[in-house]
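Morning, everyone. Please have a look at the structure on the screen, and then I'll walk you through it.

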Amino acid sequence: MSQTLFINATLACVDTDSGYGLREDAALLVDGDRIAWRGPMSECPSAGGAEVYDCKQRLLTPGLIDCHTHLVYGGDRADEFEQRLEGVSYADIAAGGGGIVSTVNATRAASADALFDQALPRVQQLMSEGVTTLEIKSGYGLDCANEIKMLRVAALLEKELGLRVQKTFLGAHALPPEYSGRGDDYISLVCDEMLPQAHAEGLVDAVDVFIESIAFSVEQGERVLARAQQLGLPIKAHVEQLSDLGGAVMAARRGALSVDHIEYLNSDDVALLARNRCAAVLLPGAFYVLREQQLPPLQALREQGVAIALASDANPGSSPLYSLLLVMNLACTLFRMTPAEALRGVTLNAASALGLAREIGSLEAGKQADIVVWDVERPALLSYRIGINPCVAVMQAGKWRTSARQVAA
Ligand code: DI6
Ligand code: FE
């Protein structure tokens, strides 16, 4: 089995309770697809048959994890961007039959091949910045065939591009037009047909719902999550994005992996997330694009020790954003998160939000060897600069993705 020995590295291990878990003058050994050893250069094992990669004090981090995206979809919504700039709100556009439903129409009309071709550059862009794990939601099909089509495209992206893709069923994302006024009937379709069929095809790693005035009620969302749990699937939820309906409390009580958005979550409810080990996924791209004013309850999340993850929410409406480095910068500037919190948000805490924290998200012996080499000396630079991509090499499960040896030379 092949081995790689990284020498003269600065490691942001993200293995401590807070901060970067920084180790300077360090070495790291990869054996097969695993991290086998990590420690100071003074204790570095001999290379033996391992390929030696001299980092020249460059920074290594865990592979980045985008734990919340909707990046398989048809068409675009640039027209709505223009409308919003003229003062029409996101909720008004949705109420007028645009918004998510307009992407549903474009996604239904597109073939799986066309959806794949459109998603490809979005995924490649994320990968160019060190993303090794990506979550992709369905939710623009809203019927059996089209939800399954979306999830198959997500599975194909994983196969063709070699990164890890977690597929999340989001059949309860919006009410399709043919069910107008019959929300409960649509939820029955989701529970009785769409979800079981997608699951039977092996296409569902987790189940999500959108609980909001423009989407589904807490009761409707809970029906879907309960059905998911009957099937043995992990759950998560879009909640408290535009108003506080109580969806986060419901989802956390049921043991959700994460609650996502949560700008309108009451600070008093945050303790419940902590008790239930439910991660908070913050999505500064949607906050920025929608010019949201209500900040998520960051201080309460910190005080209660909730795992705070960050993600792109990549989607054609509220977050046409395909850069985790920019997400980190936005989180610092808009939410006043620290650069260390931002890095943790796209590594270890994002792994928690996907239920994968034992497998990925930190540079620790035993974890999968997903490693990014950055041409920076200090990790704060990743959050600080805007529009520069210092990613020089990516290792995924112990294998180089780019021709790293050239870069190192
Ligand atoms: N919240 C979001 O931010 C995305 N979905 C959701 O439930 C937006 C999806 C879209 O506008 O197309
Ligand atoms: Fe979302």
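Let's start with the overall build. The protein has 16 helices and 16 strands. Both come from DSSP runs, numbered from the N terminus: helices are H or I runs of at least four residues, strands are E runs of at least two. The radius of gyration is 21 Å, close to the 22 Å that the globule rule gives for 409 residues, so the protein is as compact as a globular protein of that length. That radius is taken over C-alpha atoms, and the rule is 2.2 Å times the number of residues to the power 0.38.

A quick word on where this comes from. This is a predicted model: local features need pLDDT of at least 70, side-chain atom pairs count only at pLDDT 80 or more, and totals for chains, interfaces and linings use all residues. Residues are numbered from 1 along each chain as its sequence is written, chains are lettered from A and ligands numbered from 1 in the order in which they are written, and side-chain values use heavy atoms, with hydrogens and water left out.

Back to the protein. Its C-alpha trace spans about 70 × 45 × 45 Å along the principal axes. How much of the protein is buried? Of the 409 residues, 58% are buried. Buried means under 20% relative accessible area, exposed means over 50%, and partly exposed is in between, with a 1.4 Å probe and protein chains only.

Now contacts, meaning heavy atoms within 4.5 Å. Take the contacts with a separation of 6 or more: 71% of them are between residues 24 or more positions apart.

You'll find Gly247 in helix H8, residues 247-253. Is Gly247 buried or exposed? Gly247 is buried, at a relative accessible area of 0%. Leaving out residues up to four places away in sequence, Gly247 touches Ile211, Val218, Val239 and Glu240. Ser188 is 59 residues from Gly247 along the chain, and their C-alpha atoms are 19 Å apart.

Next, charges. There are 34 positive and 50 negative side chains, and the centres of the two sets lie 4 Å apart. Lys and Arg count as positive, Asp and Glu as negative; His and the chain ends are not counted. Each charge is placed at NZ of Lys, CZ of Arg, CG of Asp or CD of Glu.

Side chains of opposite charge can pair when their charged atoms come close. A salt bridge here is a side-chain nitrogen of Lys or Arg within 4 Å of a carboxyl oxygen of Asp or Glu. How many turn up in the whole structure? The search finds 17 salt bridges.

Here is one: Asp15 with Arg38, at 3.1 Å, N to O. Asp15 lies in the loop between strands S1 and S2, and Arg38 in strand S3, so the pair ties together parts 23 residues apart in sequence. Asp15 is partly exposed, at 22%. Arg38 is partly exposed too, at 24%.

Another joins Asp143 and Arg108, at 3.7 Å. Asp143 sits in the loop between strand S7 and helix H5, and Arg108 in helix H3, so this pair ties together parts 35 residues apart in sequence.

Then Glu222 and Arg254, with the closest N and O atoms 2.8 Å apart. Glu222 is in helix H7 and Arg254 in the loop between H8 and strand S11, so the pair ties together parts 32 residues apart in sequence. Finally, salt bridges that share partners join Asp33, Arg34, Arg164 and Glu359 into one network.
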